[in-house]
Amino acid sequence: MPAGDLFVLNRQAVRGEFAKNLEQASRAVEIGRLCLLTRSSGASERYGFGDSAPALQKFLGKRKKKQLGSAFVEIANDEWDSSIDLRVKDLRRDQTGTIRRRIGELATRAGYLPWRLVQQILLGTIAPVAYDGKVLISATHSYGNSGTQTNALTATEVPTLNIATANAPTPAECAQMIGDVLGYMMTYKDDEGMPLHETASQFLIVCHAKHIGSFNTAVKANVLAGGANNPVAMQGVSIDVVPGLMLTDDTKFRVFRTDSENVKPFIFQTEVDPVVAVSPDDSDYVRQNKRYEAVCDYECGIGIGEPLSALECTMS
């Protein structure tokens with residue numbers, strides 16, 4: 001086939017579209033709020049979780065030294081890929097740049113992968129274990145002198161989770177639930193038996209898409225229906241709300257602490273950043289098939305950081 005019969009794909013434009021879409025997707029998700037972000041240089045990485053620093057005690061003539069523990073999690077990297085098969089004649093006839101933008105959307109998929117994996121953990125589709133040997137949401141988290149603690153909250157732990165209609169919370173009900181759930185989070189203890197979240201000031205709520213209005217009103221409005229003061233507005237903390245579009249149970253919402261690198265609920269590691277590649281114009285594949293192949297590769301892994309920085313709340 002003569003070289004002139006081939007459409008030469010503008011790779012610079014493709015790479016530019018890919019980079020733009022990847023940046024936009026990364027900004028939209030802000031995965032760094034939920035995850036400790038790290039680089040990886042091998043098939044897997046081991047993260048040690050030293051016990052918390054000991055609380056200050058009155059000095060009685062001899063120092064009491066604490067031996068840090070040896071708990072850890074191990075996170076394996078997985079290979080992810082996505083590809084598009086492009087006919088030369090379709091590229092030649094593409095007067096609006098639609099196909100080039102489709103290639104750029106490979107980056108959007110890659111940019112949203114960490115958030116997709118977080119939601120799969122919330123759904124239980126994937127179930128990595130934390131440093132205490134439990135999955136993210138468990139009624140039996142325990143480490144050191146913390147005692148047994150649950151982050152699977154129901155009306156038993158937080159009575160205001162019992163609302164009029166379990167799958168249709170009002171802004172006023174959301175506000176009351178949020179305040180009480182945050183209060184419950186403050187009861188968690190570290191391995192020293194000391195408050196785990198005493199410095200917490202920033203949180204993220206992930207709710208079902210149809211409840212986004214009620215939860216947003218609950219965290220932003222100063223006054224609720226009927227002129228009642230909003231209890232959330234008086235807490236002096238920062239709370240954001242995002243919908244979990246993969247989450248199907250409309251009687252649940254999740255609350256995460258997001259302000260401390262030491263207690264991020266997840267760890268996300270990257271071995272190979274998302275990258276796009278397109279078949280060379282003079283490759284045998286292009287010449288024999290009159291097609292290009294556009295591929296995106298990504299190598300990364302996710303695991304649990306501090307499980308008690310994540311709460312699953314079930315309304316009833």
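Author: Contact here means heavy atoms within 4.5 Å. Keep that cut-off in mind as we read this predicted model.

Reader: Which residues is Thr38 in contact with, leaving aside its neighbours within four places in sequence?

Author: Thr38 is in contact with Tyr47, Ile267, Phe268, Gln269 and Thr270. Thr38 itself is found in strand S1, residues 35-39.

Reader: What joins the side chains of Thr38 and Tyr47?

Author: A polar contact of 2.7 Å joins them.

Reader: Is Thr38 buried or exposed?

Author: Buried means under 20% relative accessible area. Thr38 has 18%, so Thr38 counts as buried.

Reader: How many residues of the protein does that label cover, as a percentage?

Author: Of the 316 residues, 43% count as buried. The protein has 6 helices and 11 strands. Its C-alpha atoms fill a box of roughly 85 × 60 × 30 Å, taken along the principal axes.

Reader: Now a loop. Where does His141 lie?

Author: His141 lies in the loop between H3 and strand S5, residues 152-153. Apply the same cut-off of 20%. His141 has 1% relative accessibility, so His141 counts as buried.

Reader: Which residues does His141 touch?

Author: Leave out residues up to four places away in sequence. Then His141 touches Asp132, Lys134, Val135, Leu136, Gly147, Thr148, Gln149, Asn151, Pro307 and Leu308. With Asp132, the side chain of His141 makes a polar contact to the side chain, at 2.6 Å.

Reader: How do I read a helix with buried residues?

Author: Start with the general idea. An α-helix has 3.6 residues a turn, so residues three or four places apart point the same way.

Reader: Which residues are buried in helix H5?

Author: In H5, residues 212-220, the buried residues are Ser214, Phe215, Ala218 and Val219. They cover an arc of only 120 degrees around the axis, so they sit on the same side of H5.

Reader: What covers the buried residues of H5?

Author: The cover includes helix H4 (171-185) and strand S6 (202-207). Strands S7 (238-243) and S8 (252-257) are also part of it.

Reader: What about Gln119: which helix is it found in?

Author: Gln119 is found in helix H3, residues 98-123. Gln119 is buried, with a relative accessible area of 3%. Beyond four places in sequence, Gln119 touches Gly244, Leu245, Met246 and Leu247.

Reader: How do the residues of the lining divide?

Author: They divide into 11 nonpolar, 1 polar and 3 charged.

Reader: Last topic: backbone angles. What is the general idea?

Author: Most residues other than glycine have a negative phi.

Reader: What is phi of Lys290 near?

Author: Phi of Lys290 is near 55 degrees. That is a positive value in a residue other than glycine. Lys290 is found in the loop between helix H6 (284-289) and strand S10 (291-304).

Definitions and conventions:
Residues are numbered from 1 along each chain as its sequence is written. This is a predicted model: local features need pLDDT of at least 70, side-chain atom pairs count only at pLDDT 80 or more; totals for chains, interfaces and linings use all residues. Side-chain values use heavy atoms; hydrogens and water are left out. Helices (H or I, at least four residues) and strands (E, at least two) are DSSP runs, numbered from the N terminus. Buried means under 20% relative accessible area, exposed over 50%, partly exposed in between (1.4 Å probe, protein chains only). The arc is that of the directions from the helix axis to the C-beta atoms. Ala, Val, Leu, Ile, Met, Phe, Trp, Tyr, Cys and Pro count as nonpolar, Asp, Glu, Lys and Arg as charged, and the others, Gly among them, as polar. A polar contact is a pair of N or O atoms within 3.5 Å; within protein, one must be able to donate a hydrogen and the other to accept it, and residues adjacent in sequence count only if both atoms are side-chain atoms.
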